[in-house]
Amino acid sequence: MTITGGSVKCARSFSEAAHVRNTLRWDLSPDEFRSQTESLITRVKKFYDNVGSLNLDDVSVENTLETLAEAKLEYASSRHVLDFPQFVFPSKEIRSASTEADKTLADFDVEISMREDVFKRLTALQAKLQVDVSPEGKRFLDRLVTLGRRKGLHLSKEVQEQIKVTSKLISELCIEFNKNINEDNTSLVFSEHELGGLADSYLSGLERTADGRYKVTLEYPHYYPLMKRCHNPETRRKMETAFHSRCKEVNSTILEQLIQLRAKVSSLLGYSSHANYVLEINMARNAYTFYETLKPIGIKERKYILALKKRECLMRGQHFDGIINAWDLPYYMNQVEQCKFAVNKDKLIEYFPLHVVTEGLFSIYQELLGLTFSEVEHAHVWHHDVKLYSARDTDTGQEIGHFYLDLHPREGKYGHAACFGLQPGGRGPDGKRRLPVAAMVANFTKPRKNWPSLLQHHEVETYFHEFGHVMHEICSKATYSEFSGTLVETDFVEVPSQMLENWVWEKEPLRRMSRHYKDGSPIPEDLLDKLIASRVANTGLMNLRQVVLSKVDQTLHSSSFADTAQVFTKHYQDILGVPATPDTNMTASFSHLAGGYDGQYYSYLWSEVYSADIFFSRFKNEGIMNPKVGKEYRKVILETGGSVDGMVMLKSFLGRTPNQDAFFQCKGLTKMSEQNGMSPQFDLFFI
């Protein structure tokens with residue numbers, strides 16, 4: 001593929017993205033949210049009514065399976081115009097209308113997933129089906145039957161009704177939980193002295209109060225730089241306390257209700273716990289421990305950090321309390337990178353202007369995957385910061401999908417980084433392919449007058465991660481929308497995005513995505529070498545934190561009742577060796593627990609094992625910018641979506657069963673794992 005400096009060409013007109021214009025409207029009024037929600041429910045319900053009214057002897061692939069496929073495509077293609085604005089829209093009135101639409105649609109989700117009449121037709125079709133269906137069609141049918149059983153449609157009417165009522169309440173509470181987080185606008189005020197250690201560029205971006213102090217929000221571009229750089233421990237303590245107290249009262253109550261309700265549904269379905277219920281349909285059938293491998297490394301890292309803290313307290317005349325507090329961790333982990341690896345973060349950030357990173361990222365993805373991106377001019381978007389792009393196959397020129405980039409924070413916007421699938425790919429009833437549409441939402445520092453948006457290296461990594469999800473969405477070629485893009489097993493969904501993070505730790509890609517914001521000069525070679533070497537910095541503590549969150553999730557969802565703050569405090573201390581901040585509850589803002597990762601957060605670690613194996617076994621060995629490997633990856637992993645099992649895709653791409661060797665290698669843990677007698681087989685993992 002030919003790239004001109006990684007630049008992005010502009011489409012001639014918005015008509016080149018006509019299907020986005022025609023199906024994704026971002027100018028609905030609150031009344032239109034209500035009317036379109038009702039209309040969508042009516043249209044989709046009709047499909048299900050038609051299937052549910054068939055004589056059992058008359059069911060066929062065409063009148064049952066294909067009808068439901070059309071219903072699911074219609075529903076998914078229309079729904080996200082209604083439920084996505086709650087995460088991004090500038091108007092609170094529109095966000096509220098979107099939230100209400102989401103609640104109504106979530107109730108409808110439960111209703112259509114528990115149509116016993118439709119389930120009976122599906123089981124009848126499954127029983128009579130021989131060879132007159134494609135492998136993907138058979139997988140689709142089997143999945144629908146499996147999901148029906150997991151909703152209890154084979155059980156008594158009484159049990160079904162209990163599951164339905166409880167499931168609706170769960171959906172409503174999840175929406176409320178995340179709405180509370182998104183709408184939180186907590187801020188703190190500090191004097192310049194209290195913000196000691198922070199760069200002028202950071203301070204100049206803060207709002208000032210009437211008395212000259214600085215207003216600091218809990219948005220990522222404010223929170224994380226402060227926690228890493230501010231040398232005033234009391235300021236860090238106040239910020240950490242506020243950050244992990246967001247929505248504490250209301251969301252702690254909601255989460256504890258969710259735990260009870262999920263346990264109730266799991267019990268009605270015959271499972272010992274919600275954790276076991278969700279594990280059944282994922283790749284990993286069990287979750288074992290690899291905590292012991294990380295534990296001794298974590299102990300060494302804590303000792304080093306404690307020594308750094310003691311030295312700094314002596315230098316600054318501060319009281320040394322002899323412990324590592326939660327508000328100390330990010331600060332001293334940042335110092336580890338500076339002391340052990342001599343990474344100058346103030347200098348490094350100057351080489352990652354957002355527009356340069358975007359240009360380089362596009363260049364890398366286009367060359368690797370055989371794609372061409374074009375910005376759509378005069379696109380209809382929900383905010384002037386947002387841009388829309390078209391993606392085409394470079395060899396054929398065929399358009400394969402569209403994606404939005406919404407990269408800066410604003411009030412009421414989703415506070416993390418994420419990829420939202422807005423329209424699935426799939427074959428329509430006319431036989432033509434519907435093109436997928438996705439949106440990447442992030443919260444990178446907004447450019448200011450005479451000052452560009454500059455990214456920390458970890459933000460560059462986040463950018464690559466989420467854009468990996470975007471590629472998974474828009475490269476999909478699955479026939480059925482049920483398998484489009486990231487609709488794979490939960491413990492496989494992070495694999496493609498985590499795999500692509502590796503490019504931000506390699507010299508050639510880093511050179512492509514970096515230039516000094518003033519003079520365009522490249523990153524000095526020695527700074528680049530130090531950055532790459534720092535990948536193993538804080539390996540123990542960073543991965544132990546993931547173990548903490550996984551263990552908290554599993555513990556909460558292995559019981560019927562839980563004190564969420566107490567569970568987090570226990571595992572944070574036991575596993576990470578650090579006391580949780582008093583009177584906080586991190587789980588009250590742990591959005592994954594109300595966003596589809598309940599009982600499954602372990603998948604982040606599990607996915608890292610797969611993704612490391614893919615990168616080191618194929619790309620690192622055969623060339624990280626090797627288009628042949630990249631196109632094979634696109635075909636075998638990205639285009640397939642969920643139409644085959646994740647393990648089948650992995651074995652096909654690797655040519656063998658995956659193992660954990662590369663995971664330990666990239667974490668700098670190879671020697672430690674050998675000393676601990678860790679087997680190379682892939683069956684020893686997790687909590």
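The legends below describe close-up views of a predicted model.

View 1. Helix 5 covers residues 92-113, 22 residues in total. From its first C-alpha to its last, helix 5 reaches 31 Å, close to the 32 Å expected at 1.5 Å a residue. At the start of the helix, a side-chain oxygen of Ser91 comes to within 3.3 Å of the backbone nitrogen of Glu93.

View 2. Three strands form an open sheet in the order 2-4-3, and the pairing is antiparallel. Strand 2 (187-190) and strand 3 (207-208) are the edge strands, each pairing on one side only. Strand 4 (residues 214-217) pairs with strand 2 over four bridges in the antiparallel sense. Within this pairing, Ser187 has Thr217 in strand 4 as its bridge partner.

**View 3. The crossing of helix 10 and helix 15.** Helix 10 is formed by residues 220-229 and helix 15 by residues 329-341. Their axes lie 6 Å apart, and the two helices pack at an angle of about 65°. Angles of 65 to 115 degrees count as roughly perpendicular, and helix 10 and helix 15 are therefore described as roughly perpendicular to each other. The crossing of the two helices is right-handed.

View 4. Helix 14 (residues 291-316) has 26 residues, which at 1.5 Å a residue should span 38 Å. The end C-alpha atoms of helix 14 are 36 Å apart, in agreement with that value. Buried residues of helix 14 include Tyr291, Leu294, Ile297, Ile305 and Leu308. Also among the buried residues are Glu301, Arg302, Lys309 and Glu312. Just after the helix, Gly317 has a positive phi of about 70°.

**View 5. Strand 6 and its two pairing partners.** Strand 6 (residues 387-393) is largely enclosed by the rest of the structure, because five of its seven residues are buried. Strand 5 (residues 371-375) pairs with strand 6 in the antiparallel sense over five bridges. In strand 6, Ser390 is the residue opposite Ser374. Strand 7 (residues 399-406) also pairs with strand 6 in the antiparallel sense, over six bridges. Leu388 has Tyr404 in strand 7 as its bridge partner.

**View 6. The hairpin turn between strand 6 and strand 7.** Strand 6 and strand 7 form a hairpin, with five residues between the two strands. Gly397, in the turn, has a positive phi of about 80°.

Definitions and conventions:
Residues are numbered from 1 along each chain as its sequence is written. Side-chain values use heavy atoms; hydrogens and water are left out. The expected span of a helix is 1.5 Å times one less than its number of residues. A polar contact is a pair of N or O atoms within 3.5 Å; within protein, one must be able to donate a hydrogen and the other to accept it, and residues adjacent in sequence count only if both atoms are side-chain atoms. Buried means under 20% relative accessible area, exposed over 50%, partly exposed in between (1.4 Å probe, protein chains only). Two strands pair if DSSP finds at least two bridges between them. Axes are lines fitted to C-alpha atoms, for helices over the stretch in contact, and angles run from 0 to 180 degrees between N-to-C directions. Angles under 35 degrees count as roughly parallel, over 145 as roughly antiparallel, 65 to 115 as roughly perpendicular and the rest as oblique. A crossing is left-handed if the near helix is turned anticlockwise from the far one by less than a right angle, and right-handed if clockwise.
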